[in-house]
Amino acid sequence: MVAKRKIIVLITALLLVIGSMRSASAQQPAFKAAFLYHFTEYIVWEKAQMETFDFAVLEDSPITSQIAIIAKGKKVKNKRITVKQYSSLEDISSCHILFVPATCSVPIETIIEKFSGKPVLIVTEQEGAEKKGAHINFLISENKLKFEINQKAAENNGIEISSQLLQHATVVD
Amino acid sequence: MISIHNISIKYKLVLMQVLTSFIVLAICCVFFVITDIKSYKERKADSISAIAQVIGSNSVSAIQFADNASATAKLNELNVETDILNATIVDKNKAVFATYTKKGAPVYIFPSNRFNTDRIEFNGQYLFLYHKIMNNKEVLGTVCLQVGLTQLQKITNEKIQLAGLLLFIGIMLALLIAMIFQGSISSPIFNLVQIMQKVKSSDNYKSRAPVNGSDELNTLSLVFNDMLEEIERREIHIKQRTSELEVANSNFQNLIQSAPDAIVTIDESGIISNWNQEAETMFGWKEAEAIGKTLTETIIPEIYREAHTKGMSRFLATGTGKVLNKSIELSGLKKDGSEFPIELKISSSIVGGKYVFIGFIRDIKERKKAEEKILLLNKELEQKLEELEISNKEMESFSYSVSHDLRAPIRAINGFSSIIQKQYSAQFDEEGKSLLATISGEAKRMGQLIDDLLAFSRLGKKEIQKSKVDMTELAKEVVAEIIKYTEGPNKAKITIDNLPAAFCDRSLIRQVFVNLISNSVKYSGQKAEPVISIGSYTEMRSTVYFIKDNGAGFDMAFYDKLFGVFQRLHSPEDFTGTGIGLAIVKRIIVRHGGKVWGEGKVGEGAVFYFSLPF
């Protein structure tokens, strides 16, 4: 009886370790893509025109394909989902979420500048980007994927973020 | 071992009521306890399931954003729920996402095969609840809860206690009600039973059960009372009959005891069961000695014993007996060993399915002696009769020959005296003529006497030839003839009643009528108004005919001479006759088996009677 219980505890512990390992390693783009997709549930684009729901990725990133996998056959705000990867900032005319990979050559400020006042959620993965005006910024903390939210910046662009999402994030003023 | 049948009806009723109440209440209590537990479980399941739903929906975002800390923090809020012991959120890959264990409670690892399902399990003192976390129709994970049911245990105990209390109160109430109401059922029955016992022990049928209503028990009492009345009536009737029977029996016993014959009854095995006083006197055995002994031990002489035993067994086997219902003569044995002649008559009857034989025994010692005497006397009598007949015959032949021989000289006297009267009357004077006439008359009378005597003696020899004779016609015929030949101044007035016919010899009875009627005419001839009546009356075995007149009559002092031969009560000067008529009448009537007699008074008349047997 005691031995059995010990084995169960051991297996559970092992599963926990494996889970955290998974989130911390090679699957990071998949997690980020999933997060991006889940964000849409807690965010309202108040002024946005929405015929389709558009994901945009600036410059090359493995996340694009991951989003495409997740979004396949699904809808956001009851709209069809489009995922596009842009090589230059100028090509992006309109979108609802713009993901800026860490490897992006365009400075954060330029991007923020371009979409200032427009209902586009800008998500980054660079340390300090949120302080520069990015709405949501991914980071790894304690070997786990976390994110920071600049609520004021988002509000300024007409994007309302629900408190439910805020409770999982580090909120920056 | 106490059988249900031996318990008083009172306790049966109470027991029945209490048992019924107990069963009903117990079923209700069990039902309510089960229902309460079930509804408690349902309510518990509902509330826990609501909590699980809240946790689930609150955990959606935490799972989406892999925020274990947030989820764990949410689960820790469960500490306000005192009975949630363990809570775990697993993701859709069944990996543990967040766990909670109530302080002080043992850690429970939920089995992974329950994950990704909605289910509620009650397992002993725990409730296990698994709730799928859904978002946009997508399973995100499972909320698993382990809930302690200490409350349930407590509630169950409370309910059981309450049920026990209710059961107790209910049974007490049932007992109370049963105690109150059993009286109305059992007390009439007790009354009945008491009265029955009273009647049984005292034989007094006057008691009556009280009746106060019309239910079945009162009807029972009513019927019982009627029955008692009927029994009382019968009892009186039986007592009456018994006393009547006692009287009849004592009369019967008296009859038997005082009977002039010895009366002895025996049963099928020959044992004496009754022995009356005459039996005591006759045989010398007292009643007390004789009863219980067999006949062969007491009164049957040795020579008859075997026959008696055989006869009894034959009768018992075949139902027929040679000696039953007729008088037989044999000898009896006295106690002192002497034997004496007895007459015995045995009859049998069946009493209570068995034969009883009654013997009537008469001591015929005296009778035997008398019979012997009679036999002796009879012999003497017969001898004398024979002698008498011989002398009678001698007498008859003598008188016949005498009369016959006497006729010749009389005829000679008669003849010669008539010749003298005719041829020599002139030679006689008047006196001579008168003497001659007297000689002739006396000679004629003598001839008549001899004729009558001959006729009389012939009567003794003549055969009687009987036939049915019309006596009225015969009497009329005789009367007519007599009147024709009667001379004299006073013709008699003769009346003839209707006479019954007789079975007799017509010519001889005609002679009787001629003799008697002519006598009457003769002896009443000197009366101014002679009256003669002929009549009859019936006696036991014969008809009596009579001829009555109002003539000279006779003196009863000389009655003995009346029917003798040549006996006359009157002088020939007064009335003619030979004195043989009544002797002939007597002889004829006696030969017919009848009787003849007469009554008379001098100067007033006479009646002559003769009887003829039917």
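Helices (H or I, at least four residues) and strands (E, at least two) are DSSP runs, numbered from the N terminus. By that count, chain A holds 6 helices and 10 strands, and chain B holds 13 helices and 17 strands. This is a predicted model: local features need pLDDT of at least 70, side-chain atom pairs count only at pLDDT 80 or more, and totals for chains, interfaces and linings use all residues. Residues are numbered from 1 along each chain as its sequence is written, while chains are lettered from A and ligands numbered from 1 in the order in which they are written.

**The two chains**

- Chain A has 173 residues, and 34% of them are buried.
- Chain B has 614 residues, and 23% of them are buried.
- A residue is buried if 20 or more other C-beta atoms lie within 10 Å of its own, exposed if 12 or fewer, and partly exposed in between, with C-beta atoms placed from the backbone.
- In chain A, 60% of the contacts between residues at least 6 apart in sequence join residues at least 24 apart. In chain B, the figure is 58%.
- Two residues are in contact if their C-beta atoms, placed from the backbone, lie within 7 Å.

**Helix pair in chain A**

- Helix α2(A) (residues 28–39) and helix α3(A) (residues 62–71) come within 8 Å by their axes and cross at roughly 55°. Axes are lines fitted to C-alpha atoms, for helices over the stretch in contact, and angles run from 0 to 180 degrees between N-to-C directions.
- That angle makes α2(A) oblique to α3(A). Angles under 35 degrees count as roughly parallel, over 145 as roughly antiparallel, 65 to 115 as roughly perpendicular and the rest as oblique.
- The crossing of α2(A) past α3(A) is right-handed. A crossing is left-handed if the near helix is turned anticlockwise from the far one by less than a right angle, and right-handed if clockwise.
- Among the contact residues are A:Ala33 and A:Tyr37 of α2(A), with A:Ile63 and A:Ile67 of α3(A).
- The contact of α2(A) with α3(A) has 11 nonpolar, 1 polar and 1 charged residues. Ala, Val, Leu, Ile, Met, Phe, Trp, Tyr, Cys and Pro count as nonpolar, Asp, Glu, Lys and Arg as charged, and the others, Gly among them, as polar.

**Helix pairs in chain B**

- Helix α3(B) (residues 150–202) packs with helix α4(B) (residues 216–257) at about 15°, with axes 10 Å apart. That makes α3(B) roughly parallel to α4(B).
- α3(B) passes α4(B) in a left-handed crossing. The contact includes B:Ile189 and B:Leu192 of α3(B), and B:Phe224 and B:Leu228 of α4(B).
- The contact of α3(B) with α4(B) has 9 nonpolar, 2 polar and no charged residues.
- Helix α9(B) (residues 365–423) and helix α10(B) (residues 430–459) pack at about 155°, with axes 9 Å apart. They are therefore roughly antiparallel to each other.
- α9(B) also passes α10(B) in a left-handed crossing. Their contact has 12 nonpolar, 9 polar and 3 charged residues.

**Buried helix residues in chain B**

- Helix α13(B) (residues 581–591) has 9 of its 11 residues buried, so it is largely enclosed by the rest of the structure.
- The cover over its buried residues includes α10, α12, β16 and β17 of chain B.
- B:Gly593 follows α13(B), and its phi is positive, near 85°.
- In helix α2(B) (residues 68–76), the buried residues are B:Ala71, B:Lys74 and B:Leu75.
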